[in-house]
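Here is a short briefing for a reader new to this structure. Please look at the sequence and the model before reading on.

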Amino acid sequence: MAVDNARFGDLIGQGSRTLGVTLGEDVPPRLHRLMGELLKWNAKVNLTAITAEEEVVEKHFLDSLAVLPEVEGAGSVLDVGAGAGFPGLPLKMARPSLAVTMVDAVGKKVGYLKAVIAVAGLGLTGTKAVHTRAEGKPEAEGLPRADRVIARAFMDLPDWLDLAPTYLAEGGQVVAMLGKALSEDELRAQAEKRGLKLVSARAYRLPFSGAERQVAAFAKQ
Ligand SMILES: C[S@@+](CC[C@H](N)C(=O)[O-])C[C@H]1O[C@@H](n2cnc3c(N)ncnc32)[C@H](O)[C@@H]1O
């Protein structure tokens, strides 16, 4: 069912309050326009299997915004395997001063990302989308080192903790968005095997479906 701008604003407002994140008043209307672009493009390019608008709001937008606490205070974010731009696009819209780079190995997805970045009024100016396979060689791949290196639905945790630190700026953190919560002992053990330390681990639920999620942040020891 189509969600009009007012209903969309209510859903984002209610959802973000439940998640404990603060958004400027101008953010929901811009996210609403982004949803329009996503679903328009999705009709010709396969970007997401989630097409019901209320589900896009929760599973793409609110789930992306849920990790704002882990990126607060950072100057730059690298979103690896960004696909249709999650979590990178909502993070940039919510915190315009963040320098966001998204990378994906599939050209048509990066084509979509570049197109939405160029849409006037979405507040995405300056966001970068790079078409390459991220394999841990930032300079050769044309990717920056960032304060937060983040991914959702990209790799399992061990592979992510092997790859992501190669893209960290000095003092930066690797952020893992996990579907199934792991114990802090398990997160710590996975980190220590790779010379990392666990900075934080937080379980949360998506506000409408109650689906469980976890976000964990790691830094070099
Ligand atoms: C399941 S999708 C997740 C997309 C998005 N992060 C989300 O949560 O909606 C995984 C994405 O990773 C991309 N991908 C897989 N391996 C990659 C690599 N080595 N470098 C960059 N992108 C990659 C795929 O093309 C795909 O778009």
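This is a predicted model: local features need pLDDT of at least 70, side-chain atom pairs count only at pLDDT 80 or more; totals for chains, interfaces and linings use all residues.

Helix H9 spans residues 184-192. Its buried residues pack against helix H8, strand E6 and strand E7. E7 also pairs with strand E5.

**Helix H9**
- Leu187, Gln190 and Ala191 are the buried residues of H9.
- Viewed down the axis of H9, these buried residues fall within an arc of 100 degrees, so they line one face of the helix.
- The face turned away from that buried side carries the exposed residues Asp185, Ala189 and Glu192.
- The packing partners of the buried residues are H8 (157-163), E6 (196-205) and E7 (212-220).

**Strand pairing**
- E6 and E7 run antiparallel and are joined by nine bridges.
- Arginine 205 has glutamate 212, in E7, as its bridge partner.
- E6 and E7 form a hairpin with six residues between the strands.
- Glycine 210 in this hairpin takes a positive phi near 80 degrees.
- E5 (residues 168-178) pairs with E7 over five bridges, again in the antiparallel sense.
- Methionine 177 stands opposite valine 215 in E7.

**Ligand surroundings**
- There are 16 residues around the ligand.
- Of these, Gly81, Gly83, Ala105, Ala134 and Arg152 come nearest.
- The shell around the ligand divides into ten nonpolar, two polar and four charged residues.

How values were computed:
Residues are numbered from 1 along each chain as its sequence is written. A residue is buried if 20 or more other C-beta atoms lie within 10 Å of its own, exposed if 12 or fewer, and partly exposed in between; C-beta atoms are placed from the backbone. Helices (H or I, at least four residues) and strands (E, at least two) are DSSP runs, numbered from the N terminus. The arc is that of the directions from the helix axis to the C-beta atoms. Two residues are in contact if their C-beta atoms, placed from the backbone, lie within 7 Å. Two strands pair if DSSP finds at least two bridges between them. A residue is near a molecule or strand if its C-beta atom, placed from the backbone, lies within 6 Å of it. Ala, Val, Leu, Ile, Met, Phe, Trp, Tyr, Cys and Pro count as nonpolar, Asp, Glu, Lys and Arg as charged, and the others, Gly among them, as polar.
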